[in-house]
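Good morning, and thank you for joining this meeting.

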Amino acid sequence: MKFEQSRRCFLSASLAATMLPRISRAASPNDEFRVAVLGLRWRGQQLTHEFIKVPGVRVAALCDPDSKLLAERSEELASLAHAPKRYVDPRQVMDDTEIDAVAIATPNHWHSLLGIWACQAGKDVYIEKPVSHNLFEGWQLLNAARKHRRIVQTGTQNRSDTGLREAASQIHSGRLGAVRLVRGLCYNRRPSTGMVTAPQPVPKDVDYNIWSGPAELESIMRKQFHYDWHWNYTYGNGDVGNQGVHELDICRWMIGADDLPATAISVGGRFGYEDNANTPNTLVTYLGYEPAPILFEVRGLPAKANEKRMDTHRGKSVGLVVECENGYFAGGRGGGNLYDSDGQLIQSCPGDNGDTHAANFIDAVRSRDATTLHAEIAEGVLSSGLSHFCNLSYQSGEPIAREQITERLLSEPIAAKAFDRMANHLEANKIDLSEAAVTLGPMLKWDSATRRFEGNDQANQLLTRQYRKPFVVPDLSTT
């Protein structure tokens, strides 16, 4: 089986991680466990609230390069629980010996380096998705976790959702028969970011050197400084690496795949408006797992022009559909339902949205047993890798005519049908495909042994990036 080599690698590494040392520093008063939250916007604020609800946990420090936001969140935390330390530079958090663990909710381009620094500093890590900005970073983060024997949880909280855990158990037991295909859906409305024609000023309260970190100090070419970095490959990974990585993670979980796929091909583009973003808002990717492939679709436009509603498949717009020989499962965060082949309900699997994910991390930290984590870092590296595969084929592609796309996809009928549905979706949004630039990526062929794509230098060059000193992701594979 194609997964076997990597499965042995990842599982042996996971086994090594199950015998971890106790926290090295002296216990805090009342055996208090101290967490620092790095990145304080929407998700960082959520994580702060989630951790202060866990008994025995103190959010002891907050860190963000936006000094105004840092002050606001610190005052909010002080009113709810206790006053935290404040840091603008994350390196100061790593040097703070009173911090036991970090929760990372920064922009994507910072995720892996902060996780590596934390492991090197002897701290455990809760790291938001995607855990890496590119494939190289994910491997080095995993190497750091193993070398320094740290507990590292990925922020894919669907893994803790009780409904999805039940669904996975039923599917893996064969209740619906063999899995034939998994459809991942990210039909998530994303309006235009707007267009600027000249560099925008750095927000006055932001330390742009720290915010940029490993990335180059580029001119700011977007109207909204915060959040819209998601749609710029310098910092983000588009919606396939934003919302989409959650659904890709569940897809891979449901088929039990413990490696990256042998092949990947993407088709799509940025349609419906002109703006400064460079990631696709419409994308179809075929991920060639055997015997059950994953078909992943991103749609940022509505079902039809001038409407708010989004397209759905078997009632889902964001989530997944697992097609099996004797039925299917349709669900996502919050659970879902098992159906027979006639669409009759077999079993409901109501979930809890993964609300115990932070508590699961703390439990594993206290027991030093990484096998109890619901989303151990090896899972995060692989699922983030799937989002990178989707992007890498697209980024290595070229705009071509619709007829040529259909011809080139003849050997992959599942992908060809998905492209036809995508074309119909775009036409419903009044996009003329005879004029629109649709990009078809190459069929990437992955070699797990060398961790390279066969015969594609362009995709291989995108496995990593140039890092800006001193914010360099180290190569830990030879240390």
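I shall speak about confidence, then aromatic rings, then cysteines.

This is a predicted model, in which local features need pLDDT of at least 70, side-chain atom pairs count only at pLDDT 80 or more, and totals for chains, interfaces and linings use all residues. Residues are numbered from 1 along each chain as its sequence is written, and side-chain values use heavy atoms, leaving out hydrogens and water.

The pLDDT, the predictor's confidence in each residue from 0 to 100, averages 94 over the chain, and 94% of the residues score at least 70. Over residues 1-19, however, the pLDDT is below 50. That stretch has 30 contacts beyond near neighbours in sequence, a contact being heavy atoms within 4.5 Å.

Let us turn to the rings. Rings of Phe, Tyr and Trp (its six-membered ring) pair if their centres lie within 6.5 Å; planes under 30 degrees apart are stacked, over 60 edge-to-face, and the rest tilted. The count is 15 aromatic pairs. One of them joins Trp110 and Trp117 edge-to-face, with 5.7 Å between centres and 65° between planes. Both Trp110 and Trp117 are buried (under 20% relative accessible area; exposed is over 50%, partly exposed in between; 1.4 Å probe, protein chains only). Trp139, Phe389, Trp446 and Phe453 form one aromatic cluster.

How many disulfides are there? The count is zero, where a disulfide is a pair of cysteine sulfur atoms within 2.5 Å. Cys251 is buried, with a relative accessible area of 0%.
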